[in-house]
Amino acid sequence: MKTPNSKLEQIICSIKDFHFIEESEIKKLMSAFDLLTNCLSNSGCGIDGGINSYYVDHSLSVAQHMASWRFDCNVVAAAILYILPTNRITPLAELKLQVDGDIYTVLEGCADIHDQIISHKLNEFAQADYMVDYELSSRYPESFYIEIAAHIDILSRKFNSQSEDILTFAQNTREILIPQIKYIHAYKMADFLEELCFEIENRTAYDVVCSIIGEVDSLNEFSRKKFITKLKQIFDRNSNITSENLREFQVYIKLFSANKRSLASIYHYITHNNGRDALHNTTFSNDILKLKNFARTAFYDLILVIDDEIIVNKRCSTIDVFMEYFEAMLRPLGVFLYGYYQTTNQDACYFLLSDSVKNMYRFFVKTESQYLRYLYGDIVQDKFILYQTPKKPEDEIKVFKKDGTAEMIEKGITVLDFAFIIHEDLGLHFGNAILNQNGKPQPAYTILNNGDTVEIKKSEYITAELNWFRYLKTELAINYLIKHFKTQFRQSGRSIRVLTKDGRTISVPEGATVLDFAFFVYEDKGTCFDYALINQSKKHYTVDHVLCDGDTVMIQKSPTAQADYYWFRHVKTTKAINYLIEYFKSRDNL
């Protein structure tokens with residue numbers, strides 16, 4: 001089927017990258033495009049030029065963003081039409097008669113979110129305590145992402161313009177929309193919009209930062225490219241240059257990327273360290289001229305993404321993986337590790353590195369679920385559409401629930417997968433499965449066949465375990481399990497009070513281990529940790545024991561035992577992590 005617009009054809013191709021779509025869904029997208037052009041024509045002007053031509057091009061660009069962000073046909077169709085209700089071109093009541101219910105729900109959300117932002121602009125001076133409704137992003141998640149895509153397209157189109165309207169639009173984006181994007185943890189999108197706003201609102205500072213970074217980068221371009229090329233070889237999952245002890249990690253690597261750090265991020269970092277607020281200060285600061293010689297300024301971001309299964313199959317953390325690579329492959333290259341730090345906004349942690357000629361890099365290590373959340377925000381765990389991949393009908397089989405209801409599922413999935421498909425709680429408390437009414441309980445890893453009748457037995461005495469990941473194939477079930485463990489292991493951000501043997505009180509984060517506590521008492525107590533005694537008990541507690549509020553702890557040092565790399569998985573605080581890093585740097589003459 002030939003589409004009437006080349007840009008619409010590109011959108012359909014982008015959707016097919018993540019979804020199997022029927023001809024009827026393609027027709028739905030074409031109908032949305034026809035409705036857009038008809039409504040614009042009926043609004044008083046033709047679509048061949050002027051403002052309505054811009055509306056068509058802008059709407060398709062927004063839809064292209066949504067398709068590349070893995071949303072399905074209904075949401076993309078709503079993105080094509082979003083301009084009609086938000087700009088009062090066509091009333092919602094009229095659109096309700098012309099589009100599917102799923103598309104209308106998204107359009108209704110677009111209008112509500114747009115009205116909230118307009119209301120904020122009108123009320124910001126009249127009511128100092130007026131707040132944007134942050135729950136809009138959870139009530140209308142797809143609509144909220146359409147609003148993000150619209151702001152990205154508008155700011156990208158006009159970034160060279162210094163007209164009053166685009167300056168105001170950039171200011172409203174920074175003050176109203178970006179905080180909401182950070183609220184749902186979509187930091188990559190927030191960074192991109194922050195960069196566009198910085199370029200428009202702080203043009204002088206932006207140009208100076210560009211100039212200085214360009215000058216520094218040109219001086220070190222050869223060594224930097226050589227270093228990054230080497231890293232790409234090391235972190236290639238098919239690489240044959242990695243050491244033998246890293247083979248077990250290699251298969252879990254999903255992505256390694258190296259990108260120039262956001263100019264807004266660098267400017268914010270420099271001015272933050274000089275007591276200034278970068279993105280809220282539109283005047284140029286002479287402090288930016290110190291950028292050339294500012295110590296420990298990383299101009300590049302490196303990201304290593306690994307499969308979530310590594311936490312199950314290898315029982316290790318992302319920090320473990322990095323330290324293994326650092327010891328075996330990076331240190332011999334002359335890489336220096338300064339420490340483990342939080343970003344300025346405290347929304348992520350990274351290792352600060354330099355290569356052999358002192359080029360600086362921020363090195364982030366994330367699991368795939370962490371990386372997707374960094375890209376898309378909370379919708380990753382709330383909306384499973386983002387994990388879907390194209391499926392053909394021949395890749396599916398038909399099975400039946402106990403009541404005879406038929407379900408089309410992927411070939412090769414397990415009864416545990418099927419339990420999650422029926423209901424999240426049924427999956428989390430899976431006991432066993434009965435197939436074809438034969439009365440024989442089947443374990444979680446049992447593969448379903450075409451025509452099976454499945455009865456899932458729930459047990460309140462059983463709760464999901466980490467090794468269940470190996471029994472799952474569907475992204476839906478995997479995502480439910482990830483969500484469960486994220487909730488289970490999430491640190492509250494609160495502190496607890498722990499006593500030393502001599503009665504001193506030390507405050508540590510909730511969830512900290514006795515090993516964390518040892519480093520809080522004294523560095524040597526941590527690196528030479530043998531065991532801990534708690535509340536005058538004679539029991540010896542190991543490094544992984546989690547402390548409770550009010551515990552009295554005595555750390556016993558060992559005359560022979562020394563810190564090991566696996567200890568990284570048992571510390572929760574940056575202080576302990578940094579002490580371990582310093583210990584290994586000293587021990588290994590880094």
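## Ground rules and overview

Strands are DSSP runs of E at least two residues long, and helices are runs of H or I at least four residues long, both numbered from the N terminus. By that count, A258 falls in strand β1, residues 253-260. The model described here is predicted.

The protein chain holds 24 helices and 14 strands. It has 590 residues, and 49% of them are buried.

A258 has a relative accessibility of 23%. The cut-off for buried is under 20%, and exposed means over 50%. A258 therefore counts as partly exposed.

Setting aside residues up to four places away in sequence, A258 touches I228, D301 and L302. I228 lies 30 residues from A258 in sequence. In space, their C-alpha atoms are 7.1 Å apart. The other two contacts, D301 and L302, belong to strand β2, which spans residues 300-306.

## Strand β2 and its two partners

Strand β2 is mostly covered, with 7 of its 7 residues buried. Burial applies to both faces. Y300, L302, L304 and I306 lie on one side. D301, I303 and V305 lie on the other.

β2 pairs with β1 in the antiparallel sense, over 7 bridges. Within this pairing, S257 stands opposite I303 of β2. β2 also pairs with strand β5, residues 360-367. Here the strands run parallel, again with 7 bridges. L304 has V365 of β5 as its bridge partner.

## The four-stranded sheet

Another group of 4 strands forms an open sheet. Their order is β12-β11-β14-β13, and the pairing is mixed. β12 (505-509) and β13 (529-534) are the edge strands. Each has a single partner strand, so one side of each has no neighbour in the sheet. Neighbouring strands are turned against each other by 40° on average, with direction ignored. In general, strands of a sheet pair through backbone hydrogen bonds, in either a parallel or an antiparallel sense.

Helix α22, residues 514-521, lies across β11, β12, β13 and β14. The helix runs at about 130° to β12.

## Strand β11 in detail

β11 covers residues 495-500 and joins β14, residues 552-557, through 2 bridges. These two strands run parallel. In this pairing, L499 stands opposite T552, and T500 has V553 as its bridge partner.

β11 joins β12 through 5 bridges, and these strands run antiparallel. R497 stands opposite S507 of β12. The two strands form a hairpin with 4 residues between them. In that hairpin, G503 takes a positive phi near 95°.

Side chains alternate along β11. I496, V498 and T500 point to one face and are buried.

Helix α1 spans residues 6-16. L8, I11, I12, S14 and I15 are buried there. Viewed down the axis of α1, its buried residues fall within an arc of 160°, so they line one face of the helix.

Helix α19 spans residues 415-422. Of its 8 residues, 6 are buried, so the rest of the structure largely encloses the helix. Its buried residues are V415, L416, D417, F418, A419 and F420.

## The α10 and α11 pair

Helix α10 (residues 164-183) packs against helix α11 (residues 187-201). Their axes are 9 Å apart, at an angle of about 160°. Angles over 145 degrees count as roughly antiparallel, so α10 is roughly antiparallel to α11. The crossing of α10 past α11 is left-handed.

Which residues of the two helices meet? On the α10 side they are I166, L167, A170, Q171, T173, R174, L177, I178, I181 and K182. On the α11 side they are Y187, M189, A190, L193, E194, C197, I200 and E201.

Note on methods: Residues are numbered from 1 along each chain as its sequence is written. This is a predicted model: local features need pLDDT of at least 70, side-chain atom pairs count only at pLDDT 80 or more; totals for chains, interfaces and linings use all residues. Side-chain values use heavy atoms; hydrogens and water are left out. Two strands pair if DSSP finds at least two bridges between them. Axes are lines fitted to C-alpha atoms, for helices over the stretch in contact, and angles run from 0 to 180 degrees between N-to-C directions. Contact means heavy atoms within 4.5 Å. Buried means under 20% relative accessible area, exposed over 50%, partly exposed in between (1.4 Å probe, protein chains only). The arc is that of the directions from the helix axis to the C-beta atoms. Angles under 35 degrees count as roughly parallel, over 145 as roughly antiparallel, 65 to 115 as roughly perpendicular and the rest as oblique. A crossing is left-handed if the near helix is turned anticlockwise from the far one by less than a right angle, and right-handed if clockwise.
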